[in-house]
Amino acid sequence: MKAIAWAVLVVGLACTAMFVATGLSSDSPLAWVNGWMAGPIILVFVAPMMFSLAGKLGGGFAALRGGVPKEFLGAPIAMGTVVGVSRTGLSVNDQPQLEIQLDVDTPDGRSFRSAARQIVDLTELGTVRPGAILPVRYLPDGRVALATDASQHELQAALDRVQLAKGLVTPKQLHIAEQGADAQAVVLAMAPTGQVRNGRSVVHLTLRITRLDGTMFDLVQEKAIPPTAVPQLQPGSAVRVKYLPHDESEVAILTALVP
């Protein structure tokens, strides 16, 4: 978008130069009334508007399409916890652009505050709320963009590494998440313990897991779960899990990042 704004500025300057040259080279009182008048109009009205729009868009046209700006392609993925949301005043097809304030946690254990701008569908506004976890791509200077291009595998791997760095999972739990076999489970019961660990409620979960061969086993384990995962772990809910066939003492529960 900035490139387009600069191109408009250059055209405006060129037209203005021709407008002045044409006016000065003629003795006619109407010499200044010519097609080159578009130059001053572009400089006074169009160019400032284009630069203003470029500033508001921030991430450029890629952000409007839900993509990732070029400078963020291939950047590492981190997890951002939403701490605030505001509208920028820009909208596209009646869909608002939001400035999302985030507390970002990286897989190597760093944390920092940043913000991302994104066009959000009106039906999805409820998912971008304080406390929600959104995957982002980040640059060394602290800028971030929502990782809308990342695969589910990339997102899960980044989330697992962030949780390990923050002490929310153990190395064994991470090993299960990365190397375990995929399975389906049904939540039989969820009982709060009354404990809170790193801002997460600690609960006892009773799960019925279906093995790869179709047989089942029940497991009760203690988990510290984020608020966004609570609706996904209600009794009767079906969830994805991973487990080690040779060690069924623990499973890794795979919940969606944003419900």
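These legends describe close-up views of a predicted model.

The model is predicted: local features need pLDDT of at least 70, side-chain atom pairs count only at pLDDT 80 or more, and totals for chains, interfaces and linings use all residues. Residues are numbered from 1 along each chain as its sequence is written, and side-chain values use heavy atoms, without hydrogens or water.

**View 1. Helices H4 and H5 meet.** Helices (H or I, at least four residues) and strands (E, at least two) are DSSP runs, numbered from the N terminus. The axes of H4 (residues 152-165) and H5 (residues 171-179) come within 10 Å and cross at roughly 175°. That makes H4 roughly antiparallel to H5 (over 145 degrees). Axes are lines fitted to C-alpha atoms, for helices over the stretch in contact; angles run from 0 to 180 degrees between N-to-C directions. Asp160, Arg161 and Leu164 in H4 meet Pro171, Leu174, Ala177 and Glu178 in H5 (contact: heavy atoms within 4.5 Å).

**View 2. Five strands form an open sheet.** The order is S8-S7-S6-S9-S10, with antiparallel pairing (at least two DSSP bridges between two strands). S8 and S10 stand at the edges, each with a single partner strand, so one side of each lacks a neighbour in the sheet. Neighbouring strands are turned by 40° against each other on average, direction ignored. Ten bridges join S7 to S8. Leu205 stands opposite Gln221 in S8.

**View 3. H5 lies across S6, S8, S9 and S10.** H5 runs at about 75° to S10.

**View 4. Surroundings of Ile253.** Ile253 touches Leu205, Leu207, Lys223, Leu233, Val239, Arg240 and Val241, not counting residues up to four places away in sequence.

Definitions and conventions: Angles under 35 degrees count as roughly parallel, over 145 as roughly antiparallel, 65 to 115 as roughly perpendicular and the rest as oblique.
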